[in-house]
Amino acid sequence: MSVLSKYVDRIAKTCEQNGFTKHAFSYALVTSAIVALTIKVTIPYMKSTHSQYVSQTEMAKSKVINGSLTPTEPDGSDDDFKLAEAEKLLVAQQLKKKSDKHLVAPGLNKEFLKQLVMLVKIMIPQTLSYETGLLSVHTFCLISRTFLSIYVAALEGALVKFIVRKDVKQFAFVLLKWFGIAIPATFINSMIRFLESKLALAFRTRLVRHSYRLYFKNQNYYRVSNLDGRIENADHRLTEDISVFASSVAHLYSSLTKPCFDLMLIGMALMRSSRKMKANILTGPALSISVIALTAHILRIVSPKFGQLVSEEANRYGYLRHIHSRIITNAEEIAFYGGHKVEMQQLRQAYNRLVNQMNNIFSQKLWFVMLEQFFMKYVWSGTGMIMVSLPILTGSDAESSILRDSVVKESNVSERTQYLTTARNLLISAADAIERLMSSYKEIVALAGYTYRVAGMMDVFEETAQGVYCKATIVENDQTNNIIEFRNGKPIAKGRILYTNDPENMSITLKEVPVVTPNCDIVVPNLTLCIKPGVHLLITGPNGCGKSSLFRILSGLWPIYAGELQIPKPVENVPCMFYIPQRPYMSIGSLCDQIIYPDTRDDMKRKQITENELKSILKMVSLEHIAQRDSFDVVRDWKDILSGGEKQRMAVARLFYHKPRYALLDECTSAVSIDVESSIYKIAKSMGITLLTITHRPTLWKYHTHILEFDGLGSWQFRKMDENEQQKEQFLH
């Protein structure tokens, strides 16, 4: 600032030498700043009006194709537009079908208050809790800090008073008191920051625990990412958004509570000081309230929509993380294709969109903070100077006019000096409190954006747990032949799942159940069959005919939109079904954890299964060499250590450990040798496990008794296999 002032002085001197006075130069500079600010305030309004006109024009030029509006094709070189469409494709399609209530943008509105109250009830579940204790101590520290500020201001006024009187003894005594109060003051300041961090952590812990309960309720972790399209990056919302929201709430409590205490107590102290000076105690507060109300109204009018800006920034940041995660997940496939250029381009575009949004926020803050600082530092300072001077200029001076003694005059001067110093320090604290309150408006609006994302995430978790999904559908209500019923644009799962307890009826029965994908693509309109224990079923058909989809319906992962599914109720230690995919999942943990997954060590001890039994299970799948090489307690990265065939055999070892009634085998031995594969199927049948197998290997036909054939057009055939049918490979295609 000093360098800038020197350049301004040089320019002013140059202008003065050319006949242009300093006053005229100052007027020109101020006028330029006001014109620039006016242009800055009016440009966003003009842009919004122009964008609305353009959008209306584009909608008028849109074409109607298949009953839906299709806008004209954008420029192929507009990469930002393409990336934005890829980022919000599914969400945008669903937003069109939602009511106006759900289209409320994040901001200071009733929806924000409703969502905030809901989250506060989660963070503070009851009146007497750990969080209320922290809030109580935190509030006590904030009030104590205000009293300390008032006391320190009074001490500083007394110091100036005794300096004017040249009273060394009293000055030294007050100075010692000033140093003594510094110890509790610094401790209170540190305690306020400490308690704010503890509050943020406590709020985050409550929200995380509640979110995790919802996330893992009714297999929500699968439903949110596969059956619902409203949350594309649940990991970002569960980690980053919750953390920022909790920190914002804790910081906002301090930012709002302490300034309110400061204003209330400092106002009372100023009124008491004015009364001592025998001045009007209402003139100063009335002037300050009027100026603050006027400036606050102006700032509220010109304030940018920080809630929407912050929410959009979080969306773009989450999408950038999503692209990183996708590259990590599919690194091998991308490397085989040599697609690093395409992925890097998409990554750069996503980052550039994030940078553009951040720059937009920075530019919006630049002019708003400039106007804010102008009001708070200069307008309010001038108002404060008037408030401080009013008691001195308008106070009663009768005593000093009667008493002409020099000692009395000196005493009056020192008293006025003490008042001026104390009032000035209190006004500085009050101005700082008001500035924090005004600045908190931006924080509240930003909090609205985070509240919108966190509360929206929990609403989605609640709905998906109840079977309510929003996902882009490829069919409409009139194209489903009454197989799927839609309500408010959402498909309704009207089918039933019945769990039977009859020990004489342990069969799996499907009655008129359609096989429907999450995007409402009807693969099989109607499927009715009964699979009894001992009915080893082979499922065949072309790709996309519904083989794996049937397994997802039997496992309860996909909703049943019609009909009825009857499955045996799982009993203790004996699961009903156990699914093994082609690419098994290797969990984090030891070798023992891989075999008993999803059981824990406690579950294993409760079932009274020993390590010797685990060794025999590994021997059944030809993995005994792993137990000889590593102990059961060694923790390794099994996903990278085991080969593809070893992973599949490890998944079969889990099957032998759990011994379910039914095994859903989806190409689970495609990387296993034929001799080991044959041994696995023989052992599984000897254990009494009923096999439901998807395979393309003719060697496995002989281990099944029935066949379910899909033709890929919606038709199917369920029948018993002939004795010599195992050799007919044409049924495989």
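A salt bridge here is a side-chain nitrogen of Lys or Arg within 4 Å of a carboxyl oxygen of Asp or Glu. By that rule, the whole structure holds 16 salt bridges. This is a predicted model, in which local features need pLDDT of at least 70 and side-chain atom pairs count only at pLDDT 80 or more, while totals for chains, interfaces and linings use all residues. Residues are numbered from 1 along each chain as its sequence is written, and side-chain values use heavy atoms, with hydrogens and water left out. Here is a short tour, starting with a pair of helices.

**Helices H4 and H6**

- Helix H4 (residues 110–123) packs against helix H6 (residues 168–215) at an angle of about 100°, and their axes are 8 Å apart. Helices (H or I, at least four residues) and strands (E, at least two) are DSSP runs, numbered from the N terminus. Axes are lines fitted to C-alpha atoms, for helices over the stretch in contact, and angles run from 0 to 180 degrees between N-to-C directions.
- H4 and H6 are therefore roughly perpendicular to each other, a label for angles of 65 to 115 degrees (under 35 is roughly parallel, over 145 roughly antiparallel, and the rest oblique).
- On the H4 side the contact (heavy atoms within 4.5 Å) uses Leu119, Ile122 and Met123, and on the H6 side Phe203, Arg206, Leu207 and His210.
- Five of these contact residues are nonpolar, one is polar and one is charged. For this count, Ala, Val, Leu, Ile, Met, Phe, Trp, Tyr, Cys and Pro are nonpolar, Asp, Glu, Lys and Arg are charged, and the others, Gly among them, are polar.

**Nonpolar cores**

- The largest nonpolar core has 50 residues, and Leu119, Leu207, Phe245, Met457, Met458 and Phe461 have the most contacts inside it. Such a core is a set of buried Ala, Val, Leu, Ile, Met, Phe, Trp, Tyr and Cys residues joined through side-chain atoms within 4.5 Å. Buried means under 20% relative accessible area, exposed over 50%, and partly exposed in between (1.4 Å probe, protein chains only).
- H4, helix H5 (130–165), H6, helix H8 (234–276) and helix H14 (406–465) each supply at least two residues of this core, with H6 giving the largest share, 14 residues.
- Another core, of 39 residues, lies apart from this one and includes Phe578, Val652, Ile680 and Tyr703.
- Setting aside residues up to four places away in sequence, Leu119 touches Leu207, Phe245, Thr451, Val454, Ala455 and Met458.

- Asp241 and Arg453 meet in a salt bridge (2.6 Å, N to O). The pair links helix H8 to helix H14, across 212 residues of sequence, and both Asp241 and Arg453 are buried.
- Glu343 bridges to Arg326, with the closest N and O atoms 3.6 Å apart. Glu343 lies in helix H12 (residues 340–394) and Arg326 in helix H10 (residues 306–329), so the pair ties together parts 17 residues apart in sequence.
- At 16% relative accessible area, Glu343 is buried, whereas Arg326, at 31%, is partly exposed.
- Asp228, Arg230 and Glu463 are linked in a network of salt bridges.

**Strands S15 and S16**

- Glu709 in strand S15 (residues 706–710) and Arg719 in strand S16 (residues 716–720) are ten residues apart; their side chains form a salt bridge at 3.2 Å, N to O, and both residues are buried.
- His706 is also found in S15 and is buried, with a relative accessible area of 17%.
- Leaving out neighbours within four places in sequence, His706 is in contact with Val535, His536, Leu537, Leu538, Phe718, Arg719, Lys720 and Met721.
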